[in-house]
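Please open the model in your viewer and keep the selection tool at hand, as this tour moves from one group of elements to the next.

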Amino acid sequence: MRTHLRYALVCALLLSLVSMPVYSLNKQQIADSITSYANRFASVGTMKVVRVRQSGNSAEVYVNKQLSYLPFTDERANGIRSICKQLIFGSNRGVVKVFTDGHEISELIPCNITQHFSIKPVTPLVTNTSHPHKVTDGLQGSHIALYGSHGIYFNQRLDAWKWQRAKILTTVEDLYTTSYTLPFLVPMLENAGAVVLYPRERDTHTAELVVDDRNATCSNPKAWEHTSEGGYFDKRPLFERENPFTLGGYAVSKQNHNEQPLIYRIAMPQEDDYAVYVSYKTIANSTEHAKYEIVHKGIHTTFSVNQKMGGGTWIYVGTFRIGTNDNENYISLSNIADKGEVVTSDAVKIGGGIGHVARYRGVDAIENVKSNDNETLAALLTAADQQLSQADSLRADSIARLDAFTSGYPRWIEGSRYFFQYAGIPDSVYNFTDSKNDYTDDYASRGRWVNYLAGGSQVYPDGPGLGIPVNIFLAFHSDAGTTLNDSIIGTLIIYNEFDDEKKYEYENGITRLVTRNYADLMQTQIVEDMRALYAPEWQRRQLMNSSYAEARNPKMPAVLLELLSHQNFADLRYGLDPRVRFSISRSIYKSMLRFLEQQNRTQLTIQPLPVHNFAIRYDNQKLRLSWDATSDMLEPTADATFYVLYTRTNDGDWDNGQVVKGNSFSFVPQYGVRYDFRVHAANKGGLSMPSEVLSACIFSCSKDMALVVNGFTRVGAPECFVDSTTAGFRPDSYGVPYLKDVCYIGPQYEFLRSIPWMSDDNQGFGASYANYATSVMAGNMFDYPSRHGRILQAKGISYVSTSMSALQEIPEQFTLVDIILGKQKQTTLGVVKHTTDFKTFDIEHQQLITDYVNHGGKLLVSGAYIATDLNGDATDRLFLNNTLHAQYATHHATTNGNINIRKAIGHKQVKLQTTPDEELTVCEDPDGIDPQGEGAICIGRYNDTQVSAAVAWQSPDKQNKARTLVYAFPLESTLQFGDLLDSSITWLLK
């Protein structure tokens, strides 16, 4: 019996071996097949099958961590299982589970991560109560912390302030991602209703004013009591361990039955748009509704600040135009609060300033530590905590202060570590290496900073901090590798499943795996939008679970985004274009909205795109504004349902806006008042980015009427070139930034692809100068009708304005047409759209303007590339020659920008801005134009080349009063803009 049983078992074993395919245990073949399949969807690397466990008709396949980098869907998970099933069981039935990074792959599908990191609604930290529109389906009530990369830092070993990354391809990562966050991403999030916490200075001005509570005034001194401890004192410079928010006092309201506001006068030496910060002390009975009123150029804007959180630091409330008259510029804080509550007040801060944290060389300085070197960071943290707990750890202040020195850079350029000290963040957050290495402290402090923000809130209830319930955090970087060819590196994103204490859950018990959803949504949104709008070849890289400090430390969902490679030429050809920056910032905003909608189970509406076809007309004693909504081909919910119209009169600041239901608005203007307008499309999800600025002014008895046409809509990257051995951005090309560029550091000087990177100071291919590192570069300010309007208003000439795209007719009422072209010219971007953008004059406008001139019109045209843009097509050249009475001479007419104007408008010496400037848009290579036809003359030449710079024409037909004046450069790029425009208008209207 025993023999028969043994025989049966052997037969069963042999039968199972016969039925099992030979390749079932070929792990390499399984790995290769999964690698090929997964890399169709993302560049996730090479798979390795660690082991295969098989029992009967079921199997478990364990794959290395590379597989977890794939963004999973049900379809992709099933595809991988099918591959494994085929290779293990062949045509036989079988069930396969696939594991990677400690999870069965179905667990990594976003919809299967069912826990939600939801936060109960609280009164937001800051609320603009003057805003005419309330967001209901956006980011209202959310607190979002983010930052743009590194910033300059003090290197203790070198005793020098240094960049944290290499100066390459005209930029440096320390500034590059700021060109997304400040002009685009932060405004988009705020327009959607979020409160944005930013760990670096957000104002790029070097001017700064700080007013302490003791310098504020009140009509009834008994309404406020000033304490002497626990508040801000403006000490400069700041040395080791000095916290300015512990060196002074603050004010507390004593009675609140009668309103007795505390007044801070904030007039600035030079009028401009400045960031405004307030500070206060959070105490046990602080109010949730402190009423601030910001008076800016006479406009009153009110804010409610929740003082139960955020005390003892700088709280940003908005950016406003602050003038030089302290009667028109001040901050008022009401003493009124609910029963049993008080209002506190500390210093206010206006502008950005120069960094004033002084650093010194330490004798025990250590090498920089990588963000993912967890063991070293943990050891440093432990050592620092021990040192900080000992009284004898304080360094000798006398020695430190003798050696210490500040960066001398604008504060917005410095790293977070220094802004933290200025903003009252405890040094235990940003100085855990005990001043041995500021580089390590800077990146390691950001996650600790966001935890300090959230400490004491429902997000991190047992932690020390400011009590702000931060929903999500984003670390925004652009350091994702290089290639030797022209291929795209693309987008990498990092999250971490465990915190510093190896915990798998957040403080509220929710699994940290929800952060994978956040990371997946963001990477998917960026890659899909880039492929749809610009670059089908855009690469999706790893969705990486990795232990980097900025992803590991935060106590709320946090991701580290490596958007692209700023070291890689192919990536930067896209990444230096403001259109791409806008779109990517919008992608990030949308992914944040989608994640929070998923977590909070709320409604979602995407804010609209900016309006187009903006125009102002004057008819029947009324100004009529009109515009068109812009549809979003990627987002069906982004339709505009109403609009918010902002108005500025004369030289004031923008008002708080008014809701307009349709796409037009009419009103009776006051005579002699200059009105500027901008429009935001709006819906339940928030506001769009602003339109261009248009302007109008009507006089009761003006004999002339002007039409100002804004044809300068271009933004773009610097011009580049590429061949097999060299590539780069032209040193004499600066592109056209959106408003102002914060990341241009200097021209590229190394173009040979073969030169390798050796160090951050010996960068190899792409190496760039840093002669513009401390300044911003003015670009397209989108307000030129207002600038021209000031001159027309001063001359008593009525005018309205329109965008070029909305120009469909030129009525006879206009005795003058002023067309502003700036740096407009045809350009392309990417391979998705095969048409060019930013053409100066299309065929319809050429015909319209020709008819106007032929009927006696007076035409002023100015722009850097008019002749270049019209010199290709035969029809374009006819318009250039016969209507503008100019012909193309050269595309590189001057280097020094000195122009001698004479004849028709009088003798003038004009200086054109040919290098980057903070106020004037650079015009680096303007056209030269020659007069064409009878009656046309040259009225100005570039001094260095004697090439013609301007052409005037007067009709030889005595019956036709037509005149044209064409400048081959932007008037707005000259120091003599006002005088030149004034004289030009006078001659044309003779």
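Begin by selecting helix α5 (residues 178-191), which lies across β6, β9 and β21 and runs at about 170 degrees to β6; helices (H or I, at least four residues) and strands (E, at least two) are DSSP runs, numbered from the N terminus. Angles run from 0 to 180 degrees between N-to-C directions, the axes being lines fitted to C-alpha atoms, for helices over the stretch in contact, where contact means heavy atoms within 4.5 Å. This is a predicted model, in which local features need pLDDT of at least 70, side-chain atom pairs count only at pLDDT 80 or more, and totals for chains, interfaces and linings use all residues.

Now widen the selection to the open sheet of six strands, whose order is β9-β6-β21-β24-β22-β23, with mixed pairing; two strands pair if DSSP finds at least two bridges between them. At the edges stand β9 (195-197) and β23 (540-545), each with a single partner strand, so one side of each is left without a neighbour in the sheet.

Finally, move to the open sheet of four strands in the order β1-β2-β3-β4, where the pairing is again mixed.

Conventions. Residues are numbered from 1 along each chain as its sequence is written. Side-chain values use heavy atoms; hydrogens and water are left out.
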